[in-house]
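Hi everyone, thanks for coming.

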Amino acid sequence: KKEIVIVEEDIEDILEELRIELLEADVAYDVVEKLIENIKNELIGKKITPEDNIEEITLMAIKNAIKNILSQKKIDIYKIIEENRKKGKPTVIVFVGINGTGKTTTIAKLAYKLKNKGYSVVLAAGDTFRAGAIEQLEKHGKNIGVRVIKHKHGADAAAVIYDAIEHAKAKKIDVVLADTAGRQATNINLMDEMKKIVRVTKPDLVIFVGDALTGNDAIYQAEEFDKAVGIDGVILTKVDADAKGGAALSIGYAIGKPILFLGVGQRYEDLIEFDPEWFVKKLFGEEEIRFSTEREF
Amino acid sequence: MLEKMSENLTKAINKIKNAMFVDKKLIKEVVKDIQKALIQADVNVRLVLNLSKEIERRTLEEEPPKGLSKKEHIIKIVYEELVKLLGEEAKPLNIDPKKQNIILLLGLQGSGKTTTAAKLARYLQKKGYRPALICADTYRPAAYEQLKQLADKIHVPVYWDNKKPEEIVKEGLEKFKKADVIIIDTAGRHKEEKGLLEEMKRIKAITNPDEIILVIDGTIGQQAKIQAKAFKEAVGDIGSIIVTKLDGSAKGGGALSAVAEIKAPIKLIGVGEKIDDLEEFNPKKFIARLLGLGDI
């Protein structure tokens, strides 16, 4: 059979198209460049037959590369909870991220999910800074029937979370979900406060909450938060806003941590498990996905 | 704000400044650098491609005006095209002191509307106005408590009731007849939530606002253009844009895309969480700084 060797000119146009498509899907510039470069290295010099479709081969290569980035070592949150339960201690999860990405709402959704799976949950109102933050978490707690441990506005966030953990230990509660204030990674004081929270409360998991509508800033955010406290996993929010969600790829690439869930709406049930296969289809617009636009909050 | 973008653009500009000759190859190289800087700053990809094409075309076709070297001319073109994108002049928020002014805030979830509402009240208060706030967000838990806590600090009244947003707005307008500016905070919504966009339309019809302000998160990426378009289609003319969270690492290019899409100027920018962290926006100064040119 005749063989053809792929040369750069064969894939140039396809890669340029893919480049623009990925950029438009909000995959960060540096990540796109790196991906394209890797694909070039992989394909140039490769032998194919005349029957092979070079466009398809390129597309497959890029999809596989993306899947690899997204398929980081998984975290089984339920397994962690079960193991801690056996040891008779609560699982502590702290949520961090910049302002307005959806930490408080995500905590309510995850509490709802865990409760439905039969775990007992307590929430810690660790955002003692933003106006209305404590009240917001309390209303969620009331709506889903979960207790909220709080101090006054302006109180020490680490102390609130510590109290919630003590409460969980005393009452044999399975999970503590701790809210924290939104903070910009450029704000050294607030980043230090977050470090203190993690140092004092020694959580089982630190979850970074990122907004799917974020552009190139996603990389910087993830890297800085990871550097400061060590992120274990990621939840990406607002995926229902027709976001392609390239930020997932940027974050995964930047810090090499798994995406655990996606926030897909304004109801308590709108938190879905992350699936790389499904996500790649979504990224390339191969699947028309409709999310509910009903609102519970 | 926009430090990295500025850095990259300055690098591109310096490439021209330091070049021995300006030829086609150099121009292409510089245009590519500008492309990269703008895309990294989250400016819409298609917009960047068009913009860079225009810069390249003008640079190759146009003769430098008298007194300008070829190099200076390229820098001028880049500056002009970016300024064109942002709207030429600084456009302050216009308040008519002879009547009651109604300002309606809208935007995506978590973009910063509520904090901005309070900041705006503070900004107007400092200019001698007596603002009042209406919380027309009935979805988000404790939306009213949030706005109330912020407003209490600056002694600005807030109206809210456990009713439909349309009714809250009607009653609030009735209650605040003496205020000279009324700022209406609304719930976050996005383009897929058609019902909520309809609700937005109804609130607009009731309030007949003097100014509709789109509040945009400085970190937003490629979605900025299409979301801004959906808001414009729902409420008609959006008078201005406020970009938030520019104290962080975001470069704010997504906001530029929204500006280009809905042809509304950025009037103010949010630069922190404190109530006084709102600044007036000046496009020319901003681009000049972006390009490391100083004041032109």
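So, let's begin where the chains meet: 40 residues of chain B are in contact with 40 residues of chain A. Do keep in mind that this is a predicted model. The area buried between chain B and chain A comes to about 3,600 Å², and carbon and sulfur atoms give 51% of that.

How many salt bridges does the rule find across the interface of chain B and chain A? There are four. One to look at is A:Lys139 with B:Glu145, where the closest N and O atoms are 2.9 Å apart. Counting polar contacts between the two chains gives 24 residue pairs. On the side of chain B that touches chain A, helices α2 (24-40), α3 (45-61) and α6 (143-153) each supply at least two residues. The residues on that side split into 12 nonpolar, 14 polar and 14 charged.

Now let's turn to the sheet in chain B. Eight strands make an open sheet with mixed pairing, and the order is β3-β2-β4-β1-β5-β6-β7-β8. At the edges of the chain B sheet stand β3 (158-159) and β8 (278-280); each has a single partner strand, so one side of each has no neighbour in the sheet.

If you zoom in on β5 (residues 211-217) and β6 (residues 240-244) of chain B, you'll see them pair in the parallel sense over five bridges. There, B:Ile213 has B:Ser240 in β6(B) as its bridge partner. Packed on this sheet is helix α5 (residues 113-126) of chain B, which touches several strands, including β1 (101-107), β5 and β6. The direction of helix α5 makes about 170° with that of β4(B).

Key:
Residues are numbered from 1 along each chain as its sequence is written. Chains are lettered from A and ligands numbered from 1 in the order in which they are written. This is a predicted model: local features need pLDDT of at least 70, side-chain atom pairs count only at pLDDT 80 or more; totals for chains, interfaces and linings use all residues. Side-chain values use heavy atoms; hydrogens and water are left out. Contact means heavy atoms within 4.5 Å. Buried area is the accessible area (1.4 Å probe) that two parts lose on being put together, summed over both. A salt bridge is a side-chain nitrogen of Lys or Arg within 4 Å of a carboxyl oxygen of Asp or Glu. A polar contact is a pair of N or O atoms within 3.5 Å; within protein, one must be able to donate a hydrogen and the other to accept it, and residues adjacent in sequence count only if both atoms are side-chain atoms. Helices (H or I, at least four residues) and strands (E, at least two) are DSSP runs, numbered from the N terminus. Ala, Val, Leu, Ile, Met, Phe, Trp, Tyr, Cys and Pro count as nonpolar, Asp, Glu, Lys and Arg as charged, and the others, Gly among them, as polar. Two strands pair if DSSP finds at least two bridges between them. Axes are lines fitted to C-alpha atoms, for helices over the stretch in contact, and angles run from 0 to 180 degrees between N-to-C directions.
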